Amino acid sequence: MDEMEGTIKKFLYLNRRAPYGTIYALESLEVVLIGAAFDQDVSLAFIDDGVYELKKNQDTTKAEMKNFSPTYRALEGYDVEKLYVDKASLEARGLTEEDLIVPVQVLDAAQMTQLMEQQDVVLSF
């Protein structure tokens with residue numbers, strides 16, 4: 001019997017940076033998909049400029065990067081359904097839930113802190 005079989009940990013991937021201009025957002029997305037493939041309990045949180053990762057209708061031509069934002073719509077197919085956005089970060093950037101490419105749960109600072117405390121592993125990108 002595999003020693004890892006049955007061991008499920010809670011992973012929170014914390015996305016703090018804008019989606020384009022650096023590799024962090026794409027790397028986070030790839031790691032999330034790997035974690036989900038190993039049947040871990042995966043959650044994503046978007047704070048600070050990370051909220052831009054979920055913004056609809058992004059034009060990436062000037063950044064000379066492929067627009068990978070539509071990939072967030074595929075997460076549900078990998079059983080990644082827990083997506084959280086920091087309310088203050090969203091509001092500070094003039095965005096609303098309607099501006100986002102996927103459904104999310106908007107959390108205030110206290111709720112975001114509680115979410116982080118409930119995890120076994122928090123990875124920040």
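Tutor: N15 is buried, at a relative accessible area of 1%. Buried means under 20% relative accessible area, exposed over 50%, and partly exposed in between, with a 1.4 Å probe and protein chains only. This is a predicted model: local features need pLDDT of at least 70, side-chain atom pairs count only at pLDDT 80 or more, and totals for chains, interfaces and linings use all residues. Residues are numbered from 1 along each chain as its sequence is written, and side-chain values use heavy atoms, leaving out hydrogens and water.

N15 belongs to strand β1. Helices (H or I, at least four residues) and strands (E, at least two) are DSSP runs numbered from the N terminus. The N15 side chain makes a polar contact of 2.6 Å with the side chain of S28. Such a contact is a pair of N or O atoms within 3.5 Å; within protein, one must be able to donate a hydrogen and the other to accept it, and residues adjacent in sequence count only if both atoms are side-chain atoms. Beyond its neighbours within four places in sequence, N15 is in contact (heavy atoms within 4.5 Å) with S28, L44, A45, F46, I47, G50, E53 and F125.

Now the strand partner. β1 and β2 run parallel and pair over six bridges; pairing needs at least two DSSP bridges between the strands. K10 stands opposite D41 in β2. Five of the six residues of β2 are buried, so β2 is largely enclosed by the rest of the structure.

Ring pairs join F46, Y20, F68 and Y72 into a cluster. Across the whole structure, the search finds four aromatic pairs. Rings of Phe, Tyr and Trp (its six-membered ring) pair if their centres lie within 6.5 Å; planes under 30 degrees apart are stacked, over 60 edge-to-face, the rest tilted. The ring centres of Y20 and F68 are 5.0 Å apart with planes at 55°, so this pair is tilted. Y20 sits in the loop between β1 (10-15) and α1 (24-37), and F68 in the loop between β2 (41-46) and β3 (82-86), so the pair ties together parts 48 residues apart in sequence. Y20 and F68 are both buried. F68 also pairs with Y72: centres 6.5 Å apart, planes at 50°, so this pair too is tilted. Y72 is buried, as is F68.

T60 is another residue of the loop between β2 and β3. T60 is buried, at 10% relative accessible area. Its side chain reaches the backbone oxygen of M65 at 2.7 Å. Leaving aside neighbours within four places, T60 touches Y20, M65, K66 and N67. A63 lies in the loop between β2 and β3 as well, but A63 is partly exposed at 37%. A63 and T22 are 41 residues apart in sequence, yet 9.5 Å apart C-alpha to C-alpha.

R17 lies over the face of Y24, 3.8 Å from the ring centre. The test is NZ of Lys or CZ of Arg within 6 Å of the centre and within 35 degrees of the ring normal.

Finally, confidence. The chain averages a pLDDT (the predictor's confidence in each residue, from 0 to 100) of 89, and 95% of the residues score at least 70. The lowest confidence is in α1, at a mean of 87, and the highest in strand β4 (residues 105-107), at 98.
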